[in-house]
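Hi,

Here is the structure I promised to pass on. Could you have a look when you get a moment?

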There are 2 protein chains.
Amino acid sequence: MIKVIEMSNQLYLGIDMGGTNVKIAVVNAYGDIIEEVVMKTAVDAKPIAAVLAIVRKAKEFKNYSKTKTIGIGIAGDIDFIRGKVRFSPNLYMWKNVALKSMIERLTRKKTLVDNDANTAALGAFWLDAKAKYDSLVCITLGTGVGGGIILDKKIYRGASGSAGEIGHITIDPFGKKCNCGNTGCAETYIGANYVSEYACKYLETHMSPIIENLVKDNNSKITPELLFTAAKKGDKSAVEIWNYVGGKLGVLLSDVINFINPESIILCGGVSGAGKFIINPAKEEIAKRAFKSAAKTCKIAVSKYTQKLGVVGAAMLAKQ
Amino acid sequence: MIKVIEMSNQLYLGIDMGGTNVKIAVVNAYGDIIEEVVMKTAVDAKPIAAVLAIVRKAKEFKNYSKTKTIGIGIAGDIDFIRGKVRFSPNLYMWKNVALKSMIERLTRKKTLVDNDANTAALGAFWLDAKAKYDSLVCITLGTGVGGGIILDKKIYRGASGSAGEIGHITIDPFGKKCNCGNTGCAETYIGANYVSEYACKYLETHMSPIIENLVKDNNSKITPELLFTAAKKGDKSAVEIWNYVGGKLGVLLSDVINFINPESIILCGGVSGAGKFIINPAKEEIAKRAFKSAAKTCKIAVSKYTQKLGVVGAAMLAKQ
């Protein structure tokens with residue numbers, strides 16, 4: 001009994017460094033946020049200045065002194081062992097930044113730095129899965145398509161730290177050229193920009209009154225969010241576009257299921273906001289493609305905590 | 001020092017139950033075979049009769065009494081936890097056979113039963129990788145294409161025991177129908193029968209004197225082995241066929257590399273006998289498709305111990 005109380009008293013500091021916002025939170029051992037704050041990302045600042053501002057903000061938390069360790073999730077090529085940011089796509093000033101030691105010097109608290117796809121997966125493990133599943137794959141459907149893998153309740157990083165590049169599994173070997181150099185990556189079908197691109201093309205011949213009214217001749221408004229809004233209003237073209245995108249997602253998820261037979265797959269990020277419109281066609285594709293028992297075992301859902309995954313996952317990284 | 005000697009003295013009994021032969025061996029803690037025997041698989045016998053014959057044979061080993069535990073690899077749907085063979089494609093009499101308890105009753109030795117793709121992976125881990133790598137994916141290129149995954153030096157089985165169904169990752173969503181129900185599975189390009197089928201079709205318009213001479217109008221002779229022989233003799237058509245098959249293998253391996261970033265991939269089984277003729281085009285495809293750092297980290301090779309992987313892996317399962 002004493003042990004349980006003690007555990008619930010332990011607090012961790014999580015930092016989710018995005019390209020737009022930095023989220024900072026004090027989180028307990030169960031993944032509940034105790035205090036949180038959001039600040040703009042100082043994109044043009046030098047890393048040390050940006051870090052100083054973040055640490056200053058964190059020290060304003062009432063429970064700051066009670067936090068034991070710090071976890072940070074950040075996009076890009078991260079050296080987890082050394083806690084270095086080799087490169088971050090949204091932060092052009094950040095090249096080979098020793099983030100871990102920077103923060104440890106400023107806070108005197110042990111700090112862990114990881115890729116944001118991994119911290120999101122850890123967030124999904126604690127929030128969506130309530131830490132119940134042994135294995136979980138978290139797929140972030142944003143501009144890029146990232147993935148994090150939890151095996152035996154821990155982040156699986158692979159031999160050189162790049163495991164989980166799920167967006168770059170080949171869906172169609174004769175498909176479009178992807179930024180990564182490959183052709184026909186999953187990302188070229190289910191990444192946000194590609195969804196918009198496909199929709200624009202589809203709508204050239206299948207424009208519907210609902211979408212026309214929402215877009216008003218400005219094709220740049222054709223985003224996954226707008227397509228979700230239109231689908232909710234019963235727009236047939238929008239539903240058809242989601243059927244196509246969901247079908248492609250289903251091919252990818254079938255590969256994931258046949259390969260590592262996970263207990264759960266959690267989807268997060270903007271495109272996953274389409275909910276049942278993307279999940280249902282994906283499940284139909286899985287029924288056609290994946291092994292029956294493995295598909296039956298795998299619980300697939302859109303995260304209910306998309307906005308919190310990163311910061312809670314970062315804090316839980318600190319817990320590990 | 002005493003510990004090392006003690007460890008090397010420990011012996012394990014491995015049984016590799018194939019559709020044609022059963023291999024039985026006494027193996028030491030380092031994966032070296034001390035004694036071995038091969039017997040014909042009693043395909044038409046009742047499971048208990050087949051098991052009795054195997055145990056009788058094993059008891060003839062000089063070191064039988066020194067073996068502590070027994071491991072068995074067998075193709076099919078295996079319940080590892082209960083040690084049950086739910087179904088085995090090559091053994092039609094085997095339906096829901098409690099193999100573990102059968103053998104434990106007959107031998108009084110603790111017994112573990114696993115899928116032969118998993119025991120092959122464990123064999124590759126001990127023999128090819130000398131137990132040095134943390135992660136390894138072993139791909140069996142036979143009639144079927146199977147896979148076993150080693151993570152943290154242990155077999156990774158997945159949430160319902162079906163992890164590693166690598167042959168059923170989709171290589172081309174618009175490809176051929178596979179026996180598993182999916183279309184365009186890797187197996188439909190790199191499985192032995194499909195290699196022969198593709199070769200026959202290719203040779204309709206590209207028959208070469210070397211192959212013509214080997215085949216002598218009997219198309220059923222066009223097997224992966226024959227194509228390897230022809231390629232070694234410098235036959236252009238055979239080389240082209242392997243370039244095609246190797247390219248497809250490369251798409252699959254790129255997916256494996258991008259997804260779980262393994263330290264090593266080991267290929268075994270009949271089709272892998274083509275060696276450099278299949279590996280080189282696969283590597284070219286990986287250079288185009290996989291993440292550079294992950295591809296660089298991953299050591300890809302054909303197993304040097306194809307014939308021993310199953311029985312040594314089974315014994316090492318007993319060690320675990």
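This is a predicted model: local features need pLDDT of at least 70, side-chain atom pairs count only at pLDDT 80 or more; totals for chains, interfaces and linings use all residues.

**How the two chains meet**

Let's start with the pair. Chain B goes onto chain A by a rotation of 180 degrees with 0.0 Å of shift along the axis, and the RMSD of that superposition is 0.0 Å. That is what a two-fold axis does. If you want to find the axis on your screen, go to B:Asp172: in chain B, its C-alpha is the one nearest the axis, at 2.8 Å.

The contact draws on 36 residues of chain B and 36 residues of chain A. Which helices of chain B supply at least two residues each to the side that touches chain A? They are helix 9 (236–260), helix 10 (276–289) and helix 11 (292–297). Helix 9 of chain B gives the largest share, with six residues. By class, that side of chain B splits into 16 nonpolar, 13 polar and seven charged residues. And since 100% of the interface residues of chain B are also interface residues in chain A, the copies meet through the same surface.

**The sheet I looked at in chain B**

Chain B has an open sheet of five strands, in the order 3-2-1-4-8, with mixed pairing. Its edges are strand 3 (33–40) and strand 8 (110–115), each of which pairs on one side only. On average, neighbouring strands here are turned by 15 degrees against each other, ignoring direction.

Within that sheet, strand 1 (residues 11–17) and strand 2 (residues 21–28) of chain B pair in the antiparallel sense, over seven bridges.

- Helix 3 (residues 99–107) of chain B lies across strand 4 (67–74) and strand 8 of chain B, at about 150 degrees to strand 8.
- Helix 12 (residues 306–319) of chain B lies across strands 1, 2, 3, 4 and 8 of chain B, and runs at about 135 degrees to strand 1.

**A sheet in chain A**

Over in chain A, there is an open sheet of five strands in the order 11-10-9-12-13, also with mixed pairing. Strand 11 (154–155) and strand 13 (299–302) of chain A are the edge strands, each pairing on one side only. Strand 12 (residues 264–268) of chain A pairs with strand 13 of chain A in the parallel sense, over four bridges. A:Ile266 is opposite A:Ala301 of strand 13 there.

**Helix packing around helix 9**

The axes of helix 9 (residues 236–260) and helix 10 (residues 276–289) of chain A come within 6 Å and cross at roughly 45 degrees. The two helices are therefore oblique to each other, and their crossing is right-handed. The residues that meet include A:Trp242, A:Leu249 and A:Leu253 from helix 9 of chain A, and A:Phe277, A:Ile278 and A:Pro281 from helix 10 of chain A. The contact between these helices has 13 nonpolar, six polar and four charged residues.

Helix 6 (residues 192–206) of chain A also packs with helix 9 of chain A: their axes come within 10 Å and cross at roughly 135 degrees. That angle makes this pair oblique, and the crossing is right-handed. On the helix 6 side of chain A the contact uses A:Val195, A:Tyr198, A:Ala199, A:Tyr202, A:Leu203 and A:His206, and on the helix 9 side A:Ser237, A:Ile241, A:Tyr244 and A:Val245. That contact has eight nonpolar, two polar and no charged residues.

For the last pair, go back to chain B, where the axes of helix 8 (residues 224–232) and helix 9 come within 7 Å and cross at roughly 120 degrees. Helix 8 of chain B is thus oblique to helix 9 of chain B. Is this crossing left-handed or right-handed? It is left-handed. B:Leu227, B:Ala230 and B:Ala231 of helix 8 of chain B meet B:Ala238, B:Val239, B:Ile241 and B:Trp242 of helix 9 of chain B. By class, this contact has seven nonpolar residues, no polar and no charged ones.

Cheers

Note on methods:
Residues are numbered from 1 along each chain as its sequence is written. Chains are lettered from A and ligands numbered from 1 in the order in which they are written. Two strands pair if DSSP finds at least two bridges between them. Axes are lines fitted to C-alpha atoms, for helices over the stretch in contact, and angles run from 0 to 180 degrees between N-to-C directions. Two residues are in contact if their C-beta atoms, placed from the backbone, lie within 7 Å. Ala, Val, Leu, Ile, Met, Phe, Trp, Tyr, Cys and Pro count as nonpolar, Asp, Glu, Lys and Arg as charged, and the others, Gly among them, as polar. Copies are superposed by least squares on the C-alpha atoms of residues with pLDDT of at least 70 in both. Angles under 35 degrees count as roughly parallel, over 145 as roughly antiparallel, 65 to 115 as roughly perpendicular and the rest as oblique. A crossing is left-handed if the near helix is turned anticlockwise from the far one by less than a right angle, and right-handed if clockwise.
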